[in-house]
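Let's look together at how one protein model is put together. Please have the viewer open as we go.

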Amino acid sequence: MTSIRISSPDDGERAIEIWRHAIDATHHFLTPEDRQAIDAMVCDFLPKVPLWLAVDANDYPLAFMFIDNGHMEALFVDSAYLGMGIGAMLVRHGLALHPSMTTDVNEQNVQASGFYEKMGFQRTGRSALDGQGRPYPLIHLKYGIF
């Protein structure tokens, strides 16, 4: 059985591992240099923020979500657990807390944008660059009808 809990400082290393597995499986569009730079940023950031973790019956984290002021900044599922409904479970949890939740998705990550649209998110815009000014366009999404 999978449940959701808030992270503790001890979960930081596993969150980074989840992120790396997910990125390796889904973000083939990143250049090796950008992948390395983003990895360094994530290693510094993830252990310091409160994450919602999807954990198995043994409390082993399988995925995480980070929400800041109603905006889902991150949702990553360990690639070994993709397609099992864990990401959807985390999104539903986030929506229970923030019914008008927003998020951004890399335009090149077609699987992720399809997932969010299937979950009920609608496109509200597009940016040519990602949040760090790199050439990875973002699609802006908001949940529900507005």
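This is a predicted model: local features need pLDDT of at least 70, side-chain atom pairs count only at pLDDT 80 or more; totals for chains, interfaces and linings use all residues.

Residues are numbered from 1 along each chain as its sequence is written, and side-chain values use heavy atoms, with hydrogens and water left out.

Q: Are α1 and α2 roughly parallel or antiparallel?
A: Two packed helices are described by the angle between their axes and the distance between the axes. For α1 and α2 the axes are 10 Å apart, at an angle of about 155 degrees. Angles over 145 degrees count as roughly antiparallel, so α1 relative to α2 is roughly antiparallel.

Q: By class, how many residues in the contact of α1 with α2 are charged?
A: Ile 16, Trp 19, Arg 20, Ile 23 and Asp 24 of α1 meet Arg 35, Ile 38, Asp 39, Val 42 and Cys 43 of α2 (contact means heavy atoms within 4.5 Å). Of these, 6 are nonpolar and none polar, and the number of charged residues is 4.

Q: Which residues does Phe 29 contact, leaving aside its neighbours within four places in sequence?
A: Phe 29 sits in the loop between α1 and α2. With those neighbours set aside, its contacts are Asn 106, Gln 108, Asn 109 and Tyr 136.

Q: Which element gives the largest share of the lining of the largest pocket?
A: A pocket here is an open set of points on a 1 Å grid where a 1.4 Å probe fits, with protein on both sides within 12 Å along at least five of seven lines, and lining residues have an atom within 4 Å of a point. The largest pocket has a volume of about 1200 Å³, and 43 residues line it. Strands (E, at least two residues) are DSSP runs, as are helices (H or I, at least four), numbered from the N terminus. The largest share of the lining, 7 residues, comes from β4.

Conventions
Grid points are joined across faces, edges and corners, and a volume is the space filled by probe spheres set on the points. Axes are lines fitted to C-alpha atoms, for helices over the stretch in contact, and angles run from 0 to 180 degrees between N-to-C directions. Angles under 35 degrees count as roughly parallel, over 145 as roughly antiparallel, 65 to 115 as roughly perpendicular and the rest as oblique. Ala, Val, Leu, Ile, Met, Phe, Trp, Tyr, Cys and Pro count as nonpolar, Asp, Glu, Lys and Arg as charged, and the others, Gly among them, as polar.
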